[in-house]
Amino acid sequence: MAVESLIPATERKEATERRKTTGFRPVVSFEEETNPWLAQEARFDFAAKKLNLDEGMWKVLRLPTRELIVHIPVGMDDGRIEVFTGYRVQHSISRGPCKGGVRYAPDVSLDEVRALASWMTWKCAVVNIPFGGAKGGIICDPHSMSQGELERMTRRYTAELMEFIGPEKDVPAPDAGTNEQTMAWMMDTYSMHQRQTVTSVVTGKPVNLGGSRGRTEATGRGIQMVCDHALRHLGMEIKDCRVIVQGFGNVGSNAARLLHEKGYRIIGIAEFDGGLYNPAGIDIDALLRHKAEVGTIAGFAGAEPADSAELLTRECEILIPAATENVITSRNAADLKCRILCEGANGPTTMVADDILAGKNIFVLPDILANAGGVTVSYFEWVQDRMGYFWNEAEVNRRLDLIMTESFHDVISYAQTHNVNNRIAAYMLAIDRVAYTARQRGMYA
Ligand SMILES: NC(=O)c1ccc[n+]([C@@H]2O[C@H](COP(=O)([O-])OP(=O)(O)OC[C@H]3O[C@@H](n4cnc5c(N)ncnc54)[C@H](O)[C@@H]3O)[C@@H](O)[C@H]2O)c1
């Protein structure tokens, strides 16, 4: 079905006009709209055009440097041998070693990993830290695997990547479906091959294995910081601010907790297995205790049950998608009633939805800015590991605040100077920084 037919007529006309004048590729199907690589590519092309990026550099930056596919044999608990497919995509090394998470999920694909790797390049450049972008993933269902199976799969995946990762080459981190235990196994496997402990090969490790204080909540904390700045920028007050969060995992739960602590009213939480709504505000600490006890947010007494998809379209000041890609699309963007969309997840909004949100004057805090707190504290972890000297949490948070504040203002002033929306401004800022370094380094051979 053509995507345009799903958009109300007035929005459709405007969006079509905008695409004609701005050069977005015409979207013909929902499948194409929700392909993360095409979504990344369309924003990249548009921002590159606005920057007048020369054709050669455009060709260099739009494709990843290296894409690896590995097939990982794993002895399962029941005696069978299973073979899992894994990826590692390294998008750019212009500004430093590659940096990016590893995702375990059944729907991981090369296009998704490619897109996530490119977003990491742009994200690291937006917050001006010395890394390029990478991402990895394995097609598997981590929730149906035992700890032993996960450990064997992780170690074999790490062994397959041995020549391609390293503190000066490519530094993995956790993403959806992986955690600090996964990073401990990766670090240990790499170290065994190097015959010495190399803590800085991954970030997001447990604190006693060279992890950084403040890393677990860093993405949520960064979200809270950019929300504070957005309110100040728009002349809004925290006390009047109602927030709905999609996803109550690492990013969503920490963002909700920190915003709640600052006085924002969290009125809705949307999860896989249902949502919660309480217009008077949800007690996030009580909800965290409930989830720790029963493993789900469902059944929480301090809010009424709500439909998760419908929650995204309820009235609020800030909507935070912090679950996964493609949740705000041509199918629901016109129904959003938030003033600010703060993207905790990577790629939650499609390019068609971008146009619709612009028409509704929704202030977007794009993923490559809003969720960059995580990679920023990963950078601090890599620095601390290499120094062998560790900061206290207040120091980590102080430095994070400096970077998020500067990045927010850089993106906003780029948007104002170039008369573009915040997402395109963030891409332009990032592409400009990466292209500048790539030109300085020159082309080898
Ligand atoms: N962890 C980080 O530091 C970090 C940093 C930057 C970006 N991100 C991005 O943030 C997103 C979430 O990452 P995370 O680390 O919090 O993962 P997570 O696995 O800890 O949490 C994701 C949560 O979202 C829920 N969820 C998944 N799909 C959903 C859906 N369709 N509707 C409602 N709920 C859904 C899951 O049940 C889970 O509770 C991902 O896009 C990830 O790439 C994470």
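This report walks through the ligand site, the strands, the aromatic pairs and a few loop residues of a predicted model.

## Ground rules

Since the model is predicted, local features need pLDDT of at least 70 and side-chain atom pairs count only at pLDDT 80 or more, while totals for chains, interfaces and linings use all residues. Residues are numbered from 1 along each chain as its sequence is written, and side-chain values use heavy atoms, with hydrogens and water left out.

## The ligand site

Let's start with the ligand. It is surrounded by 21 residues, and the closest are Asp175, Thr219, Val251, Glu271 and Asn346. By residue class, the shell has eight nonpolar, nine polar and four charged members. The classes go like this: Ala, Val, Leu, Ile, Met, Phe, Trp, Tyr, Cys and Pro are nonpolar, Asp, Glu, Lys and Arg are charged, and the others, Gly among them, are polar.

Now for some polar contacts, meaning pairs of N or O atoms within 3.5 Å (within protein, one must be able to donate a hydrogen and the other to accept it, and residues adjacent in sequence count only if both atoms are side-chain atoms). Thr219 puts a polar side-chain atom 2.7 Å from a ligand oxygen. For Glu271, a side-chain N or O atom sits 2.4 Å from an oxygen atom of the ligand. Phe272 uses its backbone instead: an N or O atom there is 3.2 Å from a ligand nitrogen. Taken on its own, the ligand has 830 Å² of accessible area, and the protein covers 81% of that. Areas come from the Shrake-Rupley method with a 1.4 Å probe, and for residues only the protein chains shown count as cover. Which elements give two or more residues to the shell? They are α9 (250-262) and β7 (265-271). Helices (H or I, at least four residues) and strands (E, at least two) are DSSP runs, numbered from the N terminus.

## Parallel strand pairs

Strand β7 turns up again in the strand pairing, where it runs parallel to β6 over five bridges. Two strands pair if DSSP finds at least two bridges between them. Strand β6 (residues 242-246) has four of its five residues buried, where buried means under 20% relative accessible area, exposed over 50%, and partly exposed in between (1.4 Å probe, protein chains only).

Strand β3 (residues 98-105) is likewise joined to β5 by five bridges, in the parallel sense. Here Gly101 stands opposite Ala173 in β5. Strand β5 (residues 170-174) also has four of its five residues buried, so it is largely enclosed by the rest of the structure.

## Aromatic pairs

A pair of aromatic rings is described by the distance of the centres and the angle of the planes. Rings of Phe, Tyr and Trp (its six-membered ring) pair if their centres lie within 6.5 Å; planes under 30 degrees apart are stacked, over 60 edge-to-face, and the rest tilted. The whole structure holds six such pairs. Phe44 and Trp122 make a stacked one, with 5.5 Å between centres and 20° between planes. Phe44 is in helix α3 (residues 36-50) and Trp122 in helix α5 (residues 110-126), so their pair ties together parts 78 residues apart in sequence. Buried or exposed? Phe44 counts as buried at 1% relative accessibility, and Trp122 is buried too, at 0%.

Phe131 and Tyr379 go edge-to-face, at 5.8 Å centre to centre with 90° between the planes. This pair links distant parts of the chain, 248 residues apart: Phe131 is in the loop between α5 and β4 (132-139), and Tyr379 is in helix α14 (residues 373-387). Phe131 is buried, with 0% relative accessibility. Ring pairs also join Phe131 and Tyr379 with Phe380, Trp382 and Trp391 in a cluster.

## Loop residues with positive phi

Asn52 has a positive phi, near 55°, without being a glycine. Asn52 belongs to the loop between α3 and α4 (55-62) and is exposed, at 66% relative accessible area.

Asn361 also has a positive phi, near 60°. Its loop runs between α12 (351-359) and β12 (363-365), and Asn361 is exposed at 56%.

Technical notes:
Near = heavy atom within 4 Å.
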